[in-house]
Amino acid sequence: MSRLLHISASPRGAASESLAMAEAFLDAYRETHGDAVDHLDLWEAGLPAFGSAGAGAKMNVLAGNEPSGEEAAMWRAARDVFEHYDSYDRYLFSVPMWNSGVPYILKQFIDVVSQPGWVFRFDPEKGYSGLLEGKKAAVVYTSAVYGEGRGPAFGRDHQAPFLEGWLRWTGVTDIGTAEFRPNLATADAETGRRSAHAEARELGKRF
């Protein structure tokens with residue numbers, strides 16, 4: 001049986017459009033598959049701050065050295081976050097758009113787990129290769145103003161290219177998506193909401 005981890009990047013609780021879409025996905029997913037589902041709220045996860053000690057540890061590992069002292073403690077904290085993430089074979093990310101990109105807490109999570117020997121290996125001649133092959137990801141995207149086909153005055157999409165590029169870089173290439181964009185600067189948000197939730201449910205059924 002597969003195990004799915006829902007990683008939520010919105011701090012808005014019941015007011016969150018991305019979390020509502022995620023619930024539509026998960027209701028259909030549970031009904032169809034019956035798999036175990038767990039939730040990781042990135043705002044409540046107590047992610048380690050990946051600052052100078054983390055960067056130093058990463059550079060030492062890339063150079064073939066063992067981190068020590070504060071760097072070693074930081075490396076262990078990051079490793080705990082990665083091992084929890086890696087213990088699942090399916091992921092659901094619910095991601096609101098912030099300033100054309102993703103919330104900083106999601107970027108922090110990505111920076112914590114994206115370490116050599118964990119999600120990637122590096123060869124000086126061949127470059128990067130992802131280590132998380134065989135896993136699947138679904139992503140639900142929301143944005144208040146940006147929408148496909150709108151002009152640059154309504155923003156640009158640095159949300160989906162960033163997240164899906166990162167997933168593929170780690171070896172996760174089986175990716176499904178659903179979106180509700182825009183959900184605020186539109187004359188008929190409710191029609192778009194119903195359509196987006198239906199899309200999320202269909203994604204949950206076939207995921």
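## Charges over Phe207

Lys136 lies over the face of Phe207, 4.7 Å from the ring centre. For a charge to sit over a ring, NZ of Lys or CZ of Arg has to be within 6 Å of the ring centre and within 35 degrees of the ring normal. As for Phe207, its relative accessible area is 6%, so it counts as buried (under 20% is buried, over 50% exposed, in between partly exposed; 1.4 Å probe, protein chains only).

A word on the model: it is predicted, so local features need pLDDT of at least 70 and side-chain atom pairs pLDDT 80 or more, while totals for chains, interfaces and linings use all residues. Residues are numbered from 1 along each chain as its sequence is written, and side-chain values use heavy atoms, with hydrogens and water left out.

## Ring pairs

There are 17 aromatic pairs in the structure. Rings of Phe, Tyr and Trp (its six-membered ring) pair if their centres lie within 6.5 Å; planes under 30 degrees apart are stacked, over 60 edge-to-face, and the rest tilted. Tyr29 and Phe207 have ring centres 6.1 Å apart and planes at 55°, so this pair is tilted. Tyr29 sits in helix H1 (residues 17-33) and Phe207 in the segment after helix H6 (189-206), so the pair ties together parts 178 residues apart in sequence. Helices here are DSSP runs (H or I, at least four residues), numbered from the N terminus. Tyr29 is buried too, at 0% relative accessibility.

Then take Phe120 and Tyr128: with centres 5.3 Å apart and planes at 80°, the pair is edge-to-face. Phe120 is buried at 3%, whereas Tyr128 is exposed at 51%. Elsewhere, Tyr85, Tyr91, Phe93, Phe109 and Trp166 make up one aromatic cluster.

## A nonpolar patch

Tyr128 turns up again in a nonpolar surface patch of about 450 Å², along with Met59, Leu62 and Phe122. Patch residues have over 30% relative accessible area and no salt bridge, and nonpolar side chains (Val, Leu, Ile, Met, Phe, Trp, Tyr) are joined within 5 Å. A salt bridge puts a side-chain nitrogen of Lys or Arg within 4 Å of a carboxyl oxygen of Asp or Glu. Leu62 belongs to helix H2 (residues 52-62) and is partly exposed, at 44%.

## His197 in H6

His197 is in helix H6 and is buried, with 16% relative accessible area. Leaving aside residues up to four places away in sequence, His197 touches Ala20, Met21 and Ala24 (contact is heavy atoms within 4.5 Å).

Notes
Helix = DSSP H or I, 4+ residues; strand = E, 2+ residues; numbered from the N terminus. Patch = residues over 30% accessible without salt bridge, like charges linked within 9 Å, V, L, I, M, F, W, Y side chains within 5 Å. Areas by Shrake-Rupley, 256 points an atom, 1.4 Å probe, with all protein chains shown as cover.
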